[in-house]
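I opened my notebook to look up a pocket and a few helix pairs. Here is what I jotted down, in the order I went through it.

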Amino acid sequence: MKQVRLGRTGLKVSEICLGMMSYGDPAWRDWVLDEEAADPFVRRAVEAGITFFDTADVYSLGVSETVTGRLLAKYFTNRDDYVLATKVFSVMSDKPNDGGLSRKHVLAGIDNSLRRLGVDHVDLYQIHRFDPDTPVEETMEALHDVVRAGKARYIGASSMYAWQFAKMQHTARAHGWTEFVSMQNHYNLVYREEEREMLPLCADQGIGVIPWSPLARGMLAGNRGRGNERRTTRSANDAFSNMYTDDDFAVVDVNAEVAAERGVASAQVALAWLLSRPVVTAPIVGATKLSHLEDAIAATELTLDEKEIERLEAPYVPHPVLGH
């Protein structure tokens, strides 16, 4: 699999990132796979050349990090052979300081994540959302200290408004602190509002883009139908899936048509479209069936022509901002 630079950094990552939210504790979400069930997915990813893995402290309330650390140690003999990303922000308990982006929580969060992952550093430490209750100076200095301590090589951000991201970057730059190198945002054929401000900002500043939900919670892969029909366990109880409406099926239908003409799965076309976007580094793909992973791997070899891209983009309907 092709290895590409993350933004303007010298860091190389695979052009597909395996999202590890699907692996951890089934008691957290009933579609989550335990370590034994997750093992074949990580093995296949490694065989295919995937070197980029993304998790978060809140996934299965820490169990995802534990599973991720164990499986990566099993399939990589050298820590430097893969790129490991995790996140901080979400509430981890009912304790008053066990969430957000305060200095206290950021510094405690990285230590807890490293302990669960079983490593001495992560390659990419990301804030999971913007924290309106903490001064950006406090957060950016704490993240800088995480990097200076050798506990993270780079820092990244996730879904927020472009002005918030710019404010945090400016604050870091003004103080000589570590700046974000990546943006993990909500972006797919069905939800393209990021094209208005965030993606142009990332392109201008050389920020790597690693979209989450590249298949619109599976909608672009056919896991639901019109009238709120849910065809899988995850689609039936995933709160984020309510972000999309029946109007979005016009895009889903065209995606399926192009896939049928190509003789490939719909998921491959949707991912190939994302990979064709110059600003996108690597979509984060979740997989609870091996076919999900195989489609993602195959998408890296699928090149859409200009007419197909025009067809895929034509039915788009604007959305309110979703996913922040």
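**Pocket lining.** I looked up which elements line the second largest pocket: β1 (3–5) and α9 (266–275) each give at least two residues to that lining. My helices (H or I, at least four residues) and strands (E, at least two) are DSSP runs, numbered from the N terminus. I am working on a predicted model, where local features need pLDDT of at least 70, side-chain atom pairs count only at pLDDT 80 or more, and totals for chains, interfaces and linings use all residues. Residues are numbered from 1 along each chain as its sequence is written, and side-chain values use heavy atoms, with hydrogens and water left out.

I noted 15 lining residues, with K2, E15, L275, S276 and T300 nearest the pocket's centre. A pocket here is an open set of points on a 1 Å grid over the protein atoms alone, where a 1.4 Å probe fits, with protein on both sides within 12 Å along at least five of seven lines; lining residues have an atom within 4 Å of a point. The volume came out at about 270 Å³, taken as the space filled by probe spheres set on the points, which are joined across faces, edges and corners. By class, I wrote down eight nonpolar, four polar and three charged lining residues. Ala, Val, Leu, Ile, Met, Phe, Trp, Tyr, Cys and Pro count as nonpolar, Asp, Glu, Lys and Arg as charged, and the others, Gly among them, as polar.

**α3 and α4.** Next I checked helix α3 (residues 103–117) against helix α4 (residues 136–148): the angle is about 25 degrees and the axes are 9 Å apart. Axes are lines fitted to C-alpha atoms, for helices over the stretch in contact, and angles run from 0 to 180 degrees between N-to-C directions. That makes α3 roughly parallel to α4 (angles under 35 degrees; over 145 is roughly antiparallel). In contact (heavy atoms within 4.5 Å), R103, V106, L107 and I110 of α3 meet E138, E141, A142, L143, D145 and V146 of α4. I counted six nonpolar, no polar and four charged residues there.

**α8 and α11.** Helix α8 (residues 249–262) packs on helix α11 (residues 306–313) at about 155 degrees, with axes 8 Å apart. The two are therefore roughly antiparallel. This contact has four nonpolar, one polar and five charged residues.

**α1 and α10.** Last, I found the axes of helix α1 (residues 35–48) and helix α10 (residues 290–299) within 10 Å, crossing at roughly 15 degrees. These helices are therefore roughly parallel.

Terms used:
Angles under 35 degrees count as roughly parallel, over 145 as roughly antiparallel, 65 to 115 as roughly perpendicular and the rest as oblique.
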